[in-house]
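Subject: Handover of a structure and the findings on it

Dear colleague,

Please find below the structure that I am handing over to you. My notes on it follow directly after the sequence and the model.

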Amino acid sequence: MNRWSALALGAAFAGLAVTTACGPQTAADSATPEAASDTAASTDRAKVDPSRYLSQPLVTEIYTADPSAHVWDGKIYVYPSHDIDGPTPEDDLGAHFEMRDYRVLSMDSIGGKVTTHPVALDVKDVPWADKQMWAPDAARKNGTYFLYFPAKDKQGAFRIGVATSRSPVGPFKAAPQPIKGSFSIDPSVFTDDDGKSYMYFGGIWGGQLQRNVTGTYDPQGSKTDLEAPGKPALSPKVAAMADDMMEFAEKPRDVAILDKAGKPLLGGDADRRFFEAAWMHKYKGRYYLSYSTGDTHYLVYATGTSPYGPFTYQGRILEPTEGWTSHHSIVEWDGRWWLFYHDTQLSGTTRLRNVKVTELFYNPDGTIKTINPMLK
Ligand code: FUB
């Protein structure tokens with residue numbers, strides 16, 4: 001596995017003054033007892049020049065990743081993973097992502113003050129979940145907020161849970177069981193103009209999509225993917241949500257991602273095939289499915305005319321960031337479009353990430369202008 005990006009930085013940051021949206025701040029300034037344990041992993045601290053980066057971390061008092069952003073009542077809410085420093089060594093299945101809870105970020109404007117809210121959901125309050133609270137998303141319907149999250153159950157299989165709250169920042173109360181028929185990771189919920197919601201999910205390698213091909217989790221299944229580079233790659237899944245948003249309304253379907261000739265992207269096409277982090281948004285009536293290519297570190301997108309697809313691959317949204325993973329969301333706020341993403345600027349360590357935001361621009365034909373997260 002290529003860990004070039006984590007090693008390339010190879011240093012963390014100490015006392016680095018970061019002009020975040022809330023004003024100049026240092027890691028030490030914002031440290032809390034919890035933050036102290038969050039930052040414990042940062043070894044080999046060295047100064048990193050913030051001007052190398054296109055944008056700066058939204059918060060520095062905790063480590064955050066996998067930002068799912070939503071605009072509700074004019075305010076921006078970000079549902080990230082809350083990265084912590086755990087004891088497990090890094091491996092190709094992401095055992096080092098040992099997150100235990102979620103914390104919501106909010107802001108009145110992009111570039112304005114960012115509030116880090118208290119714990120919204122803790123793994124100890126999810127009856128079915130054992131560990132690894134990975135990338136979440138949220139939705140709102142009829143005054144209730146829904147937090148969707150993947151976690152490993154007691155058998156070691158990733159499932160997707162749901163928790164509810166009357167507040168967008170929680171606390172959320174988890175349903176006693178995972179969503180029936182759910183598996184794998186990285187749920188994201190898109191609500192179409194007609195009010196119908198769909199969950200996209202899935203991830204290969206540590207996300208276990210390849211261990212769920214028969215409909216039942218196979219703990220002995222492949223560690224990576226289908227191991228068939230000449231065959232169609234594994235697809236993300238989509239399922240319409242039931243009216244109450246607590247269940248799937250249907251069996252999850254494959255989301256086909258095709259090349260311009262109408263052929264499915266192949267498993268060996270690592271620069272373009274789906275790995276994890278599916279996100280859906282709609283722009284000028286077209287559906288945009290974006291996702292991470294994982295081991296090649298790109299955020300890419302494909303477009304279609306239905307939330308179910310098929311989607312035709314279009315190109316890259318974000319070139320590789322620092323850190324092994326790349327994960328994002330795209331939202332419209334104040335008539336402009338924004339890419340929320342993460343890198344490892346604050347720690348230099350793949351398991352301790354920080355979320356960021358930058359503006360996203362479309363070309364007149366609806367294609368997205370590729371963003372480079374590094375300025376130098
Ligand atoms: O944060 C844990 C995992 O790393 C996410 O679920 C993936 O998308 C990747 O960002």
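A polar side-chain atom of Asp-66 lies 2.5 Å from an oxygen atom of the ligand, a polar contact being a pair of N or O atoms within 3.5 Å (within protein, one atom must be able to donate a hydrogen and the other to accept it, and residues adjacent in sequence count only if both atoms are side-chain atoms). The model is a predicted one, in which local features need pLDDT of at least 70 and side-chain atom pairs count only at pLDDT 80 or more, while totals for chains, interfaces and linings use all residues. Residues are numbered from 1 along each chain as its sequence is written, and side-chain values use heavy atoms, with hydrogens and water left out.

An N or O atom in the side chain of His-327 is 2.6 Å from an oxygen atom of the ligand, and for the side chain of Arg-353 the corresponding distance to a ligand oxygen is 2.7 Å. On its own the ligand has 280 Å² of accessible area, of which the protein covers 99%; these areas come from the Shrake-Rupley method with a 1.4 Å probe, and for residues only the protein chains shown count as cover. The residues around the ligand are Asp-66, Ser-81, Met-99, Trp-134, Ala-135, Ile-185, Asp-186, Glu-276, Thr-325, His-327, His-342 and Arg-353, where a residue is near a molecule or strand if one of its heavy atoms lies within 4 Å of it.

Salt bridges

A salt bridge is taken here as a side-chain nitrogen of Lys or Arg within 4 Å of a carboxyl oxygen of Asp or Glu. By this rule the count comes to 17. One of them joins the side chains of Asp-83 and Arg-353, at 2.7 Å from N to O. Asp-83 belongs to strand S4 (residues 75-83) and Arg-353 to the loop between S22 and S23, so this pair ties together parts that are 270 residues apart in sequence. Helices (H or I, at least four residues) and strands (E, at least two) are DSSP runs, numbered from the N terminus. Both partners are buried: Asp-83 has a relative accessible area of 0%, and Arg-353 one of 3%. Buried means under 20% relative accessible area, exposed over 50%, and partly exposed in between (1.4 Å probe, protein chains only).

Glu-98 and Arg-351 also meet through their side chains in a salt bridge, with an N to O distance of 3.7 Å. Glu-98 lies in the loop between S4 and strand S5 (101-107) and Arg-351 in the loop between S22 and S23, so the two tie together parts 253 residues apart in sequence. Glu-98 counts as buried at 17% relative accessibility, and Arg-351 is buried at 11%.

A further salt bridge, at 2.9 Å from N to O, is formed by the side chains of Lys-282 and Asp-193. This pair links distant parts of the chain, 89 residues apart, with Lys-282 in strand S17 (residues 276-283) and Asp-193 in the loop between S12 and S13. Asp-193 is exposed, with a relative accessible area of 69%. Salt bridges that share partners also join Asp-66, Asp-83 and Arg-353 into one network.

A three-stranded sheet

An open sheet of three strands has the order S21-S22-S23 and antiparallel pairing. Its edge strands, each pairing on one side only, are S21 (329-333) and S23 (354-360). Neighbouring strands of this sheet are turned by 30° against each other on average, direction ignored; axes are lines fitted to C-alpha atoms, for helices over the stretch in contact, and angles run from 0 to 180 degrees between N-to-C directions. S21 and S22 (residues 336-343) run antiparallel and are joined by five bridges, and two strands pair if DSSP finds at least two bridges between them. Ser-329 stands opposite Phe-340 in S22.

Backbone points to inspect

Most residues other than glycine have a negative phi, and most peptide bonds are trans. Gly-170 and Pro-171 are joined by a cis peptide bond with omega about 5°, and Pro-171 sits in the loop between strand S10 (158-165) and strand S11 (173-174). The bond from Gly-309 to Pro-310 is also cis, with omega near 0°. Ser-184 has a positive phi near 65° and is buried at 0% relative accessible area. Trp-205 has a positive phi as well, near 55°, and counts as buried at 11% relative accessibility.

With kind regards
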